[in-house]
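Open your viewer and get ready to click along.

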Amino acid sequence: MAKLVECIPNFSEGQNQEVIDGLVKTATGVPGVSLLDHSSDPSHNRSVFTLVGDEAGIQEVAFQLVKFASEKIDMTKQHGEHPRMGATDVVPFVPVKDVTMEECIEISKKVAERINRELSIPIFLYEESAATPDRKNLAKVRKGQFEGMPEKLKEPEWAPDYGERKIHPTAGITAVGARMPLVAFNVNLDTDNVEIAKKIAKVVRGSSGGFKYCKGIGLLLEDRNIAQVSMNMVNYEGTPLYRTFETIRFEAKRYGVGIIGSEVIGLTPARALIDCAEYYLQIEDFDEKKQILENHLLG
């Protein structure tokens, strides 16, 4: 079998079904690539696609998706709850089968160079592809968002890795990189007070003293009129999902607020959910390779 690479591009569109359908058509139109999952959130105004393919196919589909998004998404008119800086906000590559992180880094650089050369969209490299430690953290790279990026690019330390110090007028700027698998994990609260969600997010995210491998923000889901703690778990083994979930539950109680439910966006490694099952069921001496039927059959 060919080497397999995963790509999870995020687009700043979650409301216009015609654009979303066009992204799906583009994603399914490249040989050697499979679209495993896609989800769109109107409140976030964001769509997340999960693709897997061989090295050539995954590079081509990533470029074609960025190209389509740049033609159909106008960032001067785009608004949503989720932070964003470009029509295609981020393009991460993840090693899946017989591919090293170093190879994914090279793939990310090839795609980044082509995006800039053919579409004139400036690129920041992030995570494992970052040239400096300051650019590993996506939140730090994206700070300022689309509206503040023109001024940010004038700062000496924030020249794009590819392109000039100016954003594309309608497509903005895109982050491209290589990383390990993460879990996009959201917890919904039974309140419309977004300030509570923001305070709780500050407690759990690593950058403000919370869990090392958790990135989190508080936002309002306008379509449901509820507050949400939206998280990226960048190392689900270092910080398991149940740990942030229980901390959010604990912190919410001080405000007289409960949890409505939680959601996982896109695909997630099985281990991340198995850890939660073991914790909540208090299963002793559990062996996932032998005791999960599918794993036992495949093993």
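Start by selecting Leu241, Tyr242, Phe245 and Glu246 in H7, which meet Ala272, Leu273, Asp275, Cys276, Tyr279 and Tyr280 in H8. Contact here means heavy atoms within 4.5 Å. By class, this contact has eight nonpolar, no polar and two charged residues (Ala, Val, Leu, Ile, Met, Phe, Trp, Tyr, Cys and Pro count as nonpolar, Asp, Glu, Lys and Arg as charged, and the others, Gly among them, as polar).

A word on what you are viewing: this is a predicted model, where local features need pLDDT of at least 70 and side-chain atom pairs count only at pLDDT 80 or more, while totals for chains, interfaces and linings use all residues. Residues are numbered from 1 along each chain as its sequence is written, and side-chain values use heavy atoms, leaving out hydrogens and water.

Now show both helices whole: H7 covers residues 241–253 and H8 residues 270–281, and they pack at an angle of about 60 degrees with axes 8 Å apart. (Helices are DSSP runs of H or I, at least four residues, numbered from the N terminus; axes are lines fitted to C-alpha atoms over the stretch in contact, and angles run from 0 to 180 degrees between N-to-C directions.)

Next, select Ser108 in helix H3 (residues 101–119). Ser108 is buried, at 0% relative accessible area (buried means under 20%, with a 1.4 Å probe and protein chains only). Beyond residues up to four places away in sequence, Ser108 touches Phe93, Leu125, Ser129, Val176, Gly177 and Ala178.

Last stop: how many disulfides are in the whole structure? A search finds zero, a disulfide being a pair of cysteine sulfur atoms within 2.5 Å. For Cys7, the nearest cysteine sulfur, that of Cys104, is 9.6 Å away.

Note on methods: Helix = DSSP H or I, 4+ residues; strand = E, 2+ residues; numbered from the N terminus. Buried < 20%, exposed > 50% of the residue type's maximum accessible area, 1.4 Å probe, protein only.
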